[in-house]
Each structure stands twice: as structure tokens, then as C-alpha cells.
Amino acid sequence: MQLTIFTDIAMKSIMYLKQSKDLVTINEIAEKLSIPRNHLVKVLNFMVHQEWIGSVRGRHGGLFYKQSSDELKLGEVIMLLENREELLNCEDCMLNNNCHLRGILHRAVYAFYDYLNQYTLADLNNTKAVNFINILKAN
């Protein structure tokens, strides 16, 4: 299973924001993580609406990571970001009701999310990630 670019951007942004003590601008995240700004804005807006991150408007505004998000289960977060439950679109398939593959893949996807649910957002930033993000921020 391949995660979408939307999810990739969200996870990178969360890890970056978790390491920031000050407000972070969209331009900073876009530049430091080499993410197109227009894609980043969509992802960040979604995460603000989910209340995983916060935003402060204005000239001295920016984004911040909400510490309460540390409790969120990784599988649940990724499931929301992915916004899909099926790996295959079986709607128009001639085998629709006669195929066992859909059920097998459905169980596999949920096993994937169940495994990820052993972790929370607090688990994302290990020492290597923290060190690398700090290097990015310094440059």
C-alpha cells in the first residue's frame, strides 16, 4: 500500500512542527521540507480543521503543534488523511459480488491501520528525526 502525497506532507509537517518552539510560517515549512506551497496549504488547512495543529493569524502569526495531538493514534490519523478504505474500486467490476479479493484486501488494510495504532503522534520524532529537523531549521 502506498500512502498519498497528502499523507506524506502531513506527516513531515507534523514532525517539523513538533520540533518548533516558536510559530512556524507556511513558507518556512515549504522551503525547509521542499514541499510545493499550494499542496502544503491544503494539508495544513485540513490539519488545522482537525485540530491537530493550531494557527495564529496576522503579521506575526504562524502554525504550531498542539501537544494534545500527541495522544492521537497514528493509524487513525493516517486513515483520515488517506480518506479511503478500499485499495481497489470494485464498483464497476464485472466480478463485483463474485470475487473474494475485495474482502481480503479490506482486512489487510485494517491490519495495516491496527498495526500503526500501536503508535501515537508522540512516537514520531525519534532522535535521528529530531537531529535532522534541527539541522534543517538551522540552514
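Helices (H or I, at least four residues) and strands (E, at least two) are taken as DSSP runs, numbered from the N terminus. The model is predicted: local features need pLDDT of at least 70, side-chain atom pairs count only at pLDDT 80 or more, and totals for chains, interfaces and linings use all residues. Residues are numbered from 1 along each chain as its sequence is written, and side-chain values use heavy atoms, with hydrogens and water left out.

**Exercise 1. Describe the secondary structure and overall dimensions of the chain.**

Solution. 
- Step 1. The chain contains 6 helices and 2 strands.
- Step 2. Along the sequence these elements follow the pattern α-α-α-β-β-α-α-α.
- Step 3. Taken along the principal axes, the box filled by the C-alpha atoms is roughly 60 × 30 × 25 Å.
- Step 4. For burial, relative accessible area is used: buried means under 20%, exposed over 50%, and partly exposed in between (1.4 Å probe, protein chains only). Of the 139 residues in the chain, 35% are buried.

**Exercise 2. Characterise the largest pocket and identify which elements supply its lining.**

Solution. 
- Step 1. Rolling a probe the size of a water molecule over the atoms shows where empty space is left.
- Step 2. On a 1 Å grid over the protein atoms alone, a pocket is an open set of points where a 1.4 Å probe fits, with protein on both sides within 12 Å along at least five of seven lines; lining residues have an atom within 4 Å of a point. Grid points are joined across faces, edges and corners, and a volume is the space filled by probe spheres set on the points.
- Step 3. The volume of the largest pocket is about 370 Å³. Its lining has 18 residues, of which Ile-26, Ser-55, Val-56, Gly-62 and Leu-63 are the closest to the centre.
- Step 4. At least two lining residues come from each of α2 (26-33), α3 (37-49), β1 (53-56) and β2 (62-65). The largest share, 6 residues, belongs to α3.
- Step 5. For composition, Ala, Val, Leu, Ile, Met, Phe, Trp, Tyr, Cys and Pro count as nonpolar, Asp, Glu, Lys and Arg as charged, and the others, Gly among them, as polar. The lining comprises 7 nonpolar, 8 polar and 3 charged residues.

**Exercise 3. Locate the salt bridges and state the accessibility of Asp-8, Lys-12, Asp-70 and Lys-18.**

Solution. 
- Step 1. The criterion is a side-chain nitrogen of Lys or Arg within 4 Å of a carboxyl oxygen of Asp or Glu. By this rule there are 2 salt bridges.
- Step 2. Asp-8 pairs with Lys-12, their closest N and O atoms being 3.1 Å apart. Both residues lie in helix α1 (residues 5-18), 4 residues apart, about one turn of the helix. Asp-8 is partly exposed because its relative accessibility is 37%; Lys-12, at 34%, is also partly exposed.
- Step 3. Asp-70 pairs with Lys-18, with 2.7 Å between the closest N and O atoms. This pair links distant parts of the chain, 52 residues apart: Asp-70 is in the loop between β2 and α4 (74-82), and Lys-18 is in helix α1. Asp-70 counts as buried because its relative accessibility is 16%, and Lys-18 counts as buried at 18%.

**Exercise 4. State where Met-94 and Asn-139 lie and how far each is from a second residue.**

Solution. 
- Step 1. Met-94 is in the loop between α4 and α5. Its relative accessible area is 78%, so Met-94 is exposed.
- Step 2. The C-alpha atoms of Met-94 and Lys-32 are separated by 47 Å, the two residues being 62 residues apart along the chain.
- Step 3. Asn-139 lies in the segment after α6 (127-138) and is exposed, at 66% relative accessibility.
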